[in-house]
Amino acid sequence: MAGWLALPTLCHFLLPWVFAIFHKALGDPASHPGPHYLLPPIHEVIHSRRGATATLPCVLGASPPSYKVRWSKVEPGELRETLILITNGLHARGYGPLGGRARMRRGHRLDASLVIADVLLEDEGRYRCELINGIEDESVALTLRLEGVVFPYQPSRGRYQFNYYEAKQACEEQDGRLATYGQLYQAWTEGLDWCNAGWLLEGSVRYPVLTARAPCGGRGRPGIRSYGPRDRKRDRYDAFCFTSALAGHVFFVPGKLTLSEAHAACRRRGAAVAKVGHLYAAWKFSGMDQCDGGWLADGSVRFPITTPRPRCGGLPDPGVRSFGFPRPQQAAYGTYCYAEK
C-alpha cells in the first residue's frame with residue numbers, strides 16, 4: 001500500500017533502536033553515568049560488634065584487563081587515609097595495624113570484599129574500596145558501625161581536666177575510645193542527658209541535652225550542644241567514651257572492702273577489678289542490674305541499674321550510677337570484677 005515502508009526498510013530503521021533498548025535493560029555501563037566496574041553496595045552501613053567478624057562488600061560487575069583494588073580507612077578529623085590491603089585479584093598484601101586481621105573474601109572471581117576478623121573498637125569508621133586500572137579509577141565508600149554504649153568520663157580530680165590527647169588516653173584506659181559525633185547523637189536519642197561538655201574523636205567538644213534547663217545551657221531546644229572545634233592541647237573538658245560488647249563477663253563480689261582489698265578479691269577469683277567501660281558494657285549488653293556500689297579499677301564506685309526502683313539510686317531511668325571517688329582506704333563497698341571467658 002502507498003505510504004507504508006517495505007519490511008526490509010522498516011527493519012533497517014527499527015533494529016538499532018531495539019538493540020539500544022536491549023543494552024540498557026542489561027545495564028550496559030556506557031548507557032548511564034557512574035562507575036563502569038564497581039557495583040554500588042546495597043547497604044552502605046555495615047553493623048557489627050567488638051570481637052565479631054565483619055565483611056565490607058565490594059564487588060566488580062565486570063573485570064578490567066588489568067587492575068588493582070586498594071582498601072583504606074578514612075581517619076576522622078585527621079584528613080588522611082590508612083592503607084589496609086592491596087590486591088590484583090590473585091594475590092593480596094595487608095598493611096598497617098589492621099593488616100593481620102584483614103583478608104579478601106574471594107567468594108568468586110569478581111569479589112573484592114574485605115573481611116575484618118576480631119573487630120576492635122578502633123575499627124569503626126568509614127572505609128574506601130578503590131579500583132585502580134590506570135585509566136578510570138573508581139571507588140565505593142562504606143561505614144562499619146559497632147553496636148555500643150557511650151559514657152561520660154571525668155577523673156577523680158573533677159570536671160574539665162582533660163585536653164584532647166588526655167581524654168583519648170583516659171577512654172582507652174577504661175576499655176573504650178573517644179566517641180564520635182554519630183555515636184553521641186545515637187546515645188542522646190537513647191536517653192543520654194549530660195550537662196558537662198566533653199571531647200569527641202573528631203576534636204569537637206559537645207554535650208547532649210534531653211531536658212533543656214537553665215543550668216545546662218539555657219532553656220532552648222533539646223539536642224547536642226556544641227562548643228565547636230577547640231585547641232586540642234590547651235583546652236580542657238571531660239570525655240565522652242564509647243565501648244562495645246565484652247569478650248569476658250563482669251560479676252559482683254559483696255563485702256565492705258577497701259580498694260586494695262577489692263583488687264585482692266578479684267585476683268582470688270581469677271579476675272581483675274572491672275574498668276568503667278566493662279561495667280557500662282555489662283549493663284548495656286548483658287542487662288546487669290545490681291543495687292550495690294562496687295569499686296572499679298579507676299578508684300570510682302558505681303553500680304548498674306536496668307530496672308529503676310526506690311532506694312536504688314533515686315533516678316527514674318536505667319543507667320550506671322556513681323558514688324564518685326571515695327577514699328581508697330574506705331572499707332564500705334563491694335567490687336565489680338572482670339574475667340576473660
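**Entry 1: ground rules**

I am working with a predicted model, in which local features need pLDDT of at least 70 and side-chain atom pairs count only at pLDDT 80 or more, while totals for chains, interfaces and linings use all residues. Residues are numbered from 1 along each chain as its sequence is written, and side-chain values use heavy atoms, with hydrogens and water left out.

**Entry 2: helix α5**

I took helices and strands as DSSP runs numbered from the N terminus, a helix being H or I over at least four residues and a strand being E over at least two. I counted a residue as buried under 20% relative accessible area, as exposed over 50%, and as partly exposed in between, using a 1.4 Å probe and protein chains only.

How many of the 11 residues of α5 are buried? I found 8 of the 11 in helix α5 (residues 276-286) to be buried, so this helix is largely enclosed by the rest of the structure. The buried residues are V276, G277, H278, L279, Y280, A281, A282 and W283. I then looked up what they pack against, with contact meaning heavy atoms within 4.5 Å, and the list consists of the strands β10 (148-153), β15 (238-244), β16 (249-257), β19 (301-305), β20 (319-322) and β21 (333-339). After α5 comes G287, and its phi is positive, near 65°.

**Entry 3: helix α4**

In α4 (residues 259-268) I noted L259, A262, A265 and C266 as the buried residues. Seen down the helix axis, they fall within an arc of 110°, so they line one face of α4; the arc is that of the directions from the axis to the C-beta atoms. The face turned away from this buried side carries the exposed residues S260, R267 and R268. The buried residues of α4 pack against β16, β17 (272-273), β18 (294-295) and β21. Just after α4, G270 takes a positive phi of about 70°.

**Entry 4: disulfides**

Searching the whole structure gave 5 disulfides. With bonded cysteines counted along the chain, their pattern is 1-2, 3-6, 4-5, 7-10, 8-9.

The disulfide between C58 and C129 has an S to S distance of 2.0 Å, and its torsion about the S-S bond is about -70°, so it is left-handed. C58 lies in the loop between β2 (54-56) and β3 (68-75) and C129 in strand β8 (residues 125-132), so the pair ties together parts that are 71 residues apart in sequence. C58 is buried at a relative accessible area of 3%, and C129 is buried at 0%.

Next I looked at C171 and C241, whose sulfur atoms are 2.1 Å apart in a disulfide that is left-handed, with -75° about the S-S bond. Since C171 sits in helix α2 (residues 164-173) and C241 in strand β15, the link ties together parts that are 70 residues apart in sequence. C171 counts as buried at 0% relative accessibility, and C241 is buried with a relative accessible area of 0%.

C266 counts as buried at 0% relative accessibility, and C337 is buried with a relative accessible area of 0%.

**Entry 5: nonpolar cores**

A nonpolar core here is a set of buried Ala, Val, Leu, Ile, Met, Phe, Trp, Tyr and Cys residues joined through side-chain atoms within 4.5 Å. Which residues of the largest core touch the most other members? In this core of 72 residues, they are W71 and Y336. The largest share of the core, 5 residues, comes from α5. Apart from it lies another core, of 13 residues, which includes V253, A265, V273 and A339.

**Entry 6: the largest pocket**

Points are joined across faces, edges and corners, and the volume is the space filled by probe spheres set on them. The largest pocket has a volume of about 1500 Å³. Of its 49 lining residues, V149, V150, F151, A187 and L192 are the closest to its centre. β10 gives the largest share of the lining, 6 residues.

Note on methods. Disulfide = S-S within 2.5 Å. 1 Å grid on protein atoms, 1.4 Å probe; cavity = no way out; pocket = protein on both sides within 12 Å on 5 of 7 lines; lining within 4 Å.
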